[in-house]
Amino acid sequence: MRGPSLFTLFYKSLYSPKEIAKFRFLGIGKIIQYIFLLMLFSAVPGILESIGKNELTMEEALLTESGAKWIMLPLFSFFTYIFHAGFGFIKISVFAYAGVGFARMLERKVPYRQSWRIAAFSLTLPTILSGLLTLAGIDIPGANYADWAIILVILYASIKAVPKPKIIP
């Protein structure tokens with residue numbers, strides 16, 4: 001069985017902590033694919049914004065060396081994507097520790113590996129919101145704190161949706 005498609009995972013992780021809790025049993029390969037796709041969505045608005053800000057610099061480079069723009073632009077985009085992906089994995093790892101704490105507090109049995117998977121899907125909504133705000137040119141002071149707060153709320157709700165372990169008398 002292949003499991004749900006990446007689109008299904010994306011769609012359900014936008015609105016349903018209960019579904020995110022179910023995703024904790026997915027294979028790590030599917031989760032990593034999902035994270036790379038999500039980080040691509042995260043990187044594109046930043047790349048487009050940077051290209052727009054550096055337009056004059058790129059035009060000057062084009063006048064002096066005709067091939068510089070076509071070499072630098074893909075390299076810049078690639079390294080920006082790699083940076084976003086690396087930062088995304090670090091962010092997920094940090095929030096997974098918070099998820100383990102939530103699991104203890106809520107008396108749920110959620111080991112770190114499952115918390116990591118839940119944290120990966122908890123990043124979906126804030127990542128998309130952040131990307132849309134960047135594309136719209138809206139700069140919100142303290143947006144990172146709002147991002148973290150949304151992730152923590154979704155993470156908490158998802159772990160709360162995990163059933164409590166049954167106690168056998």
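Student: Contact means heavy atoms within 4.5 Å. Which residues is Lys 91 in contact with, leaving aside its neighbours within four places in sequence?

Tutor: Leu 123, Asp 147, Trp 148 and Ile 151, with those sequence neighbours left out. This is a predicted model, in which local features need pLDDT of at least 70 and side-chain atom pairs count only at pLDDT 80 or more, while totals for chains, interfaces and linings use all residues. Residues are numbered from 1 along each chain as its sequence is written, and side-chain values use heavy atoms, with hydrogens and water left out.

Student: Is Lys 91 buried or exposed?

Tutor: Its relative accessible area is 15%, so Lys 91 is buried. Buried means under 20% relative accessible area, exposed over 50%, and partly exposed in between, with a 1.4 Å probe and protein chains only. Lys 91 sits in helix H5. Helices are DSSP runs of H or I with at least four residues, strands are E runs of at least two, and numbering starts at the N terminus.

Student: And where is Thr 80?

Tutor: Thr 80 is also a residue of helix H5, and it is buried at 15% relative accessible area. Apart from neighbours within four places in sequence, Thr 80 contacts Ala 43 and Ile 47.

Student: Switching topic. At what angle do H1 and H7 cross?

Tutor: Roughly 90°, with the axes of H1 (residues 6–15) and H7 (residues 124–136) coming within 8 Å. Axes are lines fitted to C-alpha atoms, for helices over the stretch in contact, and angles run from 0 to 180 degrees between N-to-C directions. H1 and H7 are therefore roughly perpendicular; that label covers 65 to 115 degrees, with under 35 roughly parallel, over 145 roughly antiparallel and the rest oblique.

Student: Which residues meet there?

Tutor: From H1, Phe 10, Ser 13 and Leu 14; from H7, Thr 124, Leu 125 and Ile 128. The residues of this contact divide into 4 nonpolar, 2 polar and no charged. Ala, Val, Leu, Ile, Met, Phe, Trp, Tyr, Cys and Pro count as nonpolar, Asp, Glu, Lys and Arg as charged, and the others, Gly among them, as polar.

Student: What about burial in H7?

Tutor: Thr 124, Pro 126, Thr 127 and Gly 131 are buried there. After H7 comes Gly 137, with a positive phi near 75°.

Student: Where does Glu 107 lie?

Tutor: In the loop between H5 and H6. Glu 107 has a phi near 60°, a positive value in a residue other than glycine. Most residues other than glycine have a negative phi. At 53% relative accessible area, Glu 107 is exposed.

Student: How many aromatic pairs?

Tutor: The count comes to 13, where rings of Phe, Tyr and Trp (its six-membered ring) pair if their centres lie within 6.5 Å, with planes under 30 degrees apart stacked, over 60 edge-to-face and the rest tilted. Tyr 11 and Tyr 15 make an edge-to-face pair, at 5.3 Å centre to centre and 65° between the planes. They are 4 residues apart in helix H1, so about one helical turn separates them. Tyr 11 is partly exposed at 47% relative accessibility, as is Tyr 15 at 49%.

Student: And Tyr 97 with Tyr 112, what sort of pair is that?

Tutor: Tilted: 4.8 Å between centres and 40° between planes. This pair links distant parts of the chain, with Tyr 97 in H5 (residues 68–105) and Tyr 112 in H6 (residues 112–122), 15 residues apart. Tyr 97 is exposed at 59% relative accessible area, whereas Tyr 112 is partly exposed at 31%.

Student: Which residues form an aromatic cluster?

Tutor: Phe 36, Tyr 81, Phe 89 and Trp 116 form one.
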